[in-house]
Amino acid sequence: MSPESPTSARVKICGLSTEATLTAALEAGADWIGLVHFPRSPRHVTLAQAATLSVLARGRAERVVLLVDPDDDVIAAAVAAVDPDLIQLHGRESPARVAAIRALAGRPVMKALGIATRADLAVLHDYASVADRILLDAKAPPDAALPGGNGRRFDWEILRGAALPPGTMLSGGLDAGNVAEALMRTGIGAVDVSSGVEVAPGVKDPDKIAAFVMAARAGMNLPVTR
């Protein structure tokens with residue numbers, strides 16, 4: 001059974017940066033929209049830009065602001081500007097730091113964990129005890145400029161038989177062509193996509209967004225093989 005246990009897959013479209021692509025995600029039925037505040041990312045938006053997009057999405061999808069190893073000032077500024085429903089931490093934050101950020105922000109927190117081998121799952125319990133959600137992403141290669149959004153997937157067989165925390169989300173190299181298989185093989189009921197719905201780094205495509213959401217919804221009806 002999926003850790004999420006929904007009647008249909010829940011979908012997060014991350015790295016949105018324009019009103020047009022945000023509207024496409026909302027009209028497609030995305031459950032979460034992700035706004036990346038990380039200057040090194042091609043999907044980076046300023047807090048002012050994120051605030052504008054957040055207002056447009058309020059009440060239509062949960063709003064997620066993605067931060068990487070943020071200090072307390074960045075956390076406070078992001079909460080004040082964006083009013084996020086969820087803060088996604090995509091850096092090297094320790095469990096203690098995740099707990100501190102959650103307390104400071106007063107908002108639910110999702111922690112992204114890079115996965116490459118079965119051993120990478122060893123920290124799941126520590127993070128699940130302090131975060132509201134866990135995002136399993138492909139571990140970035142050593143020379144990568146970004147901690148995520150690299151269009152890479154990890155071997156889903158790593159998750160076979162693993163006890164995943166409730167609310168676990170899957171990311172890493174997903175697109176409309178493989179998301180159904182990912183849901184079927186992992187039993188995870190929530191997915192996150194960024195580069196898989198782009199035509200170039202940071203450039204989202206409305207048609208790809210719609211196709212991904214449709215494929216994810218259909219994929220949830222397939223039997224789980226994990």
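The following questions and answers describe a predicted model of one protein.

In this predicted model, local features need pLDDT of at least 70 and side-chain atom pairs count only at pLDDT 80 or more, while totals for chains, interfaces and linings use all residues. Residues are numbered from 1 along each chain as its sequence is written, and side-chain values use heavy atoms, with hydrogens and water left out.

Q: What average pLDDT does the protein have?
A: The pLDDT is the predictor's confidence in each residue, on a scale from 0 to 100. Of the residues, 89% score at least 70. The average for the protein is a pLDDT of 91.

Q: How many helices and how many strands does the protein have?
A: Helices (H or I, at least four residues) and strands (E, at least two) are DSSP runs, numbered from the N terminus. By this definition the protein has seven helices and ten strands.

Q: What percentage of the 226 residues is buried?
A: A residue is buried under 20% relative accessible area, exposed over 50%, and partly exposed in between, with a 1.4 Å probe and protein chains only. Buried residues make up a share of the 226 residues that comes to 51%.

Q: Which residues of strand β4 point the opposite way from Leu86 and Gln88?
A: In a regular strand the side chains alternate between the two faces of the sheet. Strand β4 covers residues 86-89, and Leu86 and Gln88 point one way from this strand. The residues that point the other way are also buried, and they are Ile87 and Leu89.

Q: Which residue in β4 stands opposite Val65?
A: Two strands pair if DSSP finds at least two bridges between them. Strand β3 (residues 62-67) and β4 pair in the parallel sense over four bridges. Opposite Val65 stands Ile87.

Q: Is Lys12 buried or exposed?
A: Lys12 lies in strand β1. Leaving aside neighbours within four places in sequence, Lys12 is in contact with several residues, including Trp32, Val64, Gln88 and Met110. Because its relative accessibility is 0%, Lys12 counts as buried.

Q: Which residues of helix α1 are buried?
A: Helix α1 covers residues 19-28, and it is followed by Gly29, whose phi is positive, near 100°. The buried residues of α1 pack against β1, β2, α2, β10 and α7. These buried residues are Thr21, Leu22, Ala24, Ala25 and Leu26.

Q: How far apart in space are Gly167 and Asp132, C-alpha to C-alpha?
A: Gly167 is found in the loop between β6 and β7, and it counts as buried at 10% relative accessibility. In sequence, Gly167 and Asp132 are 35 residues apart. In space, their C-alpha atoms are separated by 7.5 Å.

Q: Which residue forms a salt bridge with Asp83?
A: A salt bridge is a side-chain nitrogen of Lys or Arg within 4 Å of a carboxyl oxygen of Asp or Glu. For the pair in question, the closest N and O atoms are 3.6 Å apart. Asp83 lies in the loop between α3 and β4 and its partner in the loop between α2 and β3, so the pair ties together parts that are 25 residues apart in sequence. The partner of Asp83 is Arg58.

Q: Is Asp120 buried or exposed?
A: The side chains of Asp120 and Lys139 meet in a salt bridge of 2.9 Å, N to O. Lys139 counts as partly exposed at 38% relative accessibility. Because Asp120 has a relative accessible area of 17%, this residue is buried.

Q: How many salt bridges does a search of the whole structure find?
A: Among them is the bridge between Glu157 and Arg160, whose closest N and O atoms are 2.8 Å apart. A network of salt bridges also links Arg58, Arg63, Asp83, Asp85 and Arg107. For the whole structure, the number of salt bridges found is 17.

Note on methods
Contact means heavy atoms within 4.5 Å.
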